[in-house]
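Let's take a look at the aromatic rings in this one. Have the sequence and the 3D view ready, and follow along.

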Amino acid sequence: MDDISHIIDTLNDAQRDAVTTEDQHALILAGAGSGKTKVLVHRIAWLTQVMGFSSYNILAVTFTNKAAAEMRGRIEALVGNQSQGLTMGTFHGIAYRLLRQHFQEAGLPQSFQILDSDDQKRVIKRLLKTMELDEQQWPHRQVQAFINGEKEEGRRPQHIDPGHNPFVKRMVQIYQAYEAQCKKAGLVDFAELLLRAHELWLKHPHLLAHYQSRFRHILVDEFQDTNTLQYAWLRVLAGATGKLFIVGDDDQSIYGWRGAKIENIRQFSQDFANVKTVRLEQNYRSTGTILKAANALIAHNQERMGKTLWSAGDDGNPIKIYEAFNDLDEAQYVCNQVNQWVKEGGERSDAAVLYRSNAQSRLIEQALLQAKIPYRVYGGLRFYDRAEVKDVLAYLRLILNRQDDAAFERIYNHPPRGIGAKTADMIRDIAKMEGVSLWNAMESLLEQGLTARAQTSLMSFKTLIESLEESGEGQELKDQTMQVISRSGLQLHFEKDTSEQGQSRLENLDELINATSVFKTPQSAIEDSLGDVAYASPLAEFLAQAALEAGEQQADKWESCVQLMTLHSAKGLEFPLVFMVGVEEGLFPSQQSTDDAYKLEEERRLAYVGITRAEKQLMITFANRRRMHGSEFYPQPSRFIKEIPNDCVDFVRLTGSARPSSGGQTSGWNETKLNDALAQQTGFALGDRVFHQKFGEGTVLATEGAGEHARIQVNFKAAGSKWLVVGFAKLERL
DNA sequence: CCCCTAGAGTTTTTT
DNA sequence: ACTCTAGGGG
């Protein structure tokens, strides 16, 4: 046997226990920063290098392409090319591969393409129009959520019993129509990929048996994020003999709202016998103080599998909690602290500002801009989601498959070529009446004859697509794409737009050409003796990849930039300096979650994720006053702040540290400490009830300055909020 | 066909 | 308050 020391020597006891387990199944509860990816990577090395399994027998599943790429990189670094043959990818990516391989068994046309969420939305909107349903009553968002939700539970329209519920009845009707539409056009949405892959197992036992005997070991990352369908798919694939190695953290489950079932991770040990459970609790990321705060906070959740993070390192600095007068002040504080950090020798890119909702980034951005601090906002539109890029892709899709109505709808008159709404309606009518695609309907309309102008425009479109297909045959993908961009008129169309936006659109099209030129048909990730055709044409593969990997959202850190992102997109990342801003009731936890214990626990997990992103220094801020949706709010500090032990934190106000000298209590509300400090300055504390001769009763919202000249802000029942100078206002305390 | 305006919506995001 | 989009008017 080879020297295996490099595989196990760098692991701690728990990690080694996990990596070398011989039980049939394993559930690895991996706390934040506990070396989760390391365990997965070393497990694969262990199986192949020590246990003698072929990498061909291993399937590793992740949620994001980024995670898959990182894991692949680390495996190659550890075991070199021995990892070749390993099947690894996202749930959707693997499902796609399977369906390509077995398109016939899956009941799909060979040229099927993927419908991304935006395409799906458009299809649904168009469908609602065709069905003459009022968008007010049947909002496309709701329809989309219904369809995806049902699919993720594994249900087809015929599986849903609407009972006497007219709402569900109609939804099912729409679902049914949507399904028919997709089938006709050869389109598969994201949830459909998973559902078909699941049905593939159920309907074709010989295929299932084949893959069961092939994938002896199945490793799953971020298991707490699996939805019902994904877990079902895994269960069926594992069967009686497959070995599941599940890694996850129930405390970091933050995607319940999009179908993830935290219950899956709790259920796992019950669904399978012989499950070894290992807890990875040693944290290599954060200071003791940060971990203590995180542990205390998450302990407020009832439904937990239980885990306590600890660190061999020292306690580090206390967590700074800053109470801002308003949102602007909060943003300013972030700027000041970043500058301070840099002055003390830190890197700007060490700092991340995390917020609950995207809208919060604007003020922070403005303040950073003003302070001339470079920053980068994560999230937002990804490359393949950009309208101009999708336009080109739609041309390519229609070239590949004329039945693709979604593509047709997008481009038949884009750029404008004189095919008006009236002509389009005629096409749709024919398509509906005769049950054919829009393309076919267009053809029969052309045969019937139209007004000269419409006839010419429509014919030119038809000829364009056909001639693009013709010239594309045998052509490199890159050249075909360039042809599409120029001959479709998109190039000219965007060139006419001299604004900055038009410019950037052209740049994106160049970037797209670049992407097609470097694109390589992927090595069949699931090589197989059963199927004849591993993949479709390079064009089809490129389009599928564009949908499955819409472009890196989480690119590398920009050099020397403060990182701005939502708490959700911070999962999996770490930063020396972390700001959590807007930690206020109503914002975080969000208003929509406060009256639901289940949702509230998810918000708390989100707070836990945020806290555990910090390596050295964590700063939490909240404001007494905030503008939102056009009006003023006077939020209370978040309950999550109260759940952090007092001895972990340092309260800060603009006037300096307001930390009382005495320590002692570790529970109870920090407000006491805070208000004591404030009261010393103004004579009034936040939340004090006061009476004013003219304005009547009110509550103190904010204070500023100290002594006679101090000002306080009071929210009066009748008169609204006012700033008053303490020395003049003659306020009575109630 | 393009531009403008009125109206709606505004937690979180991947695939 | 602000942004996005649909639909109408020029």
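**Charges over rings**

- In this predicted model, the charged end of Arg235 sits over the ring of Tyr231, 4.5 Å from its centre. "Over" here means that NZ of Lys or CZ of Arg is within 6 Å of the ring centre and within 35 degrees of the ring normal.
- Tyr56 has a charge over its ring too: the charged end of Arg214, 3.9 Å from the ring centre.

**Ring pairs**

- Rings of Phe, Tyr and Trp (its six-membered ring) pair if their centres lie within 6.5 Å; planes under 30 degrees apart are stacked, over 60 edge-to-face, and the rest tilted. That rule gives 20 aromatic pairs.
- One of them is Phe408 with Phe461, an edge-to-face pair at 5.6 Å centre to centre and 85° between the planes.
- Phe408 is in helix H17 (residues 405-411) and Phe461 in helix H20 (residues 452-472), so this pair links distant parts of the chain, 53 residues apart. Helices here are DSSP runs (H or I, at least four residues), numbered from the N terminus.
- Phe408 and Phe461 are both buried, meaning under 20% relative accessible area with a 1.4 Å probe, protein chains only.
- Phe519 and Phe542 are edge-to-face because their ring centres are 5.2 Å apart and their planes at 75°.
- Phe519 and Phe542 are both buried.

**A ring cluster**

- Phe63, Phe91, Trp201, Tyr211, Phe215 and Trp233 are linked into a cluster by ring pairs.

- Residues are numbered from 1 along each chain as its sequence is written, and chains are lettered from A and ligands numbered from 1 in the order written. Local features need pLDDT of at least 70, side-chain atom pairs count only at pLDDT 80 or more, totals for chains, interfaces and linings use all residues, and side-chain values use heavy atoms, leaving out hydrogens and water.

Terms used
Helix = DSSP H or I, 4+ residues; strand = E, 2+ residues; numbered from the N terminus. Buried < 20%, exposed > 50% of the residue type's maximum accessible area, 1.4 Å probe, protein only.
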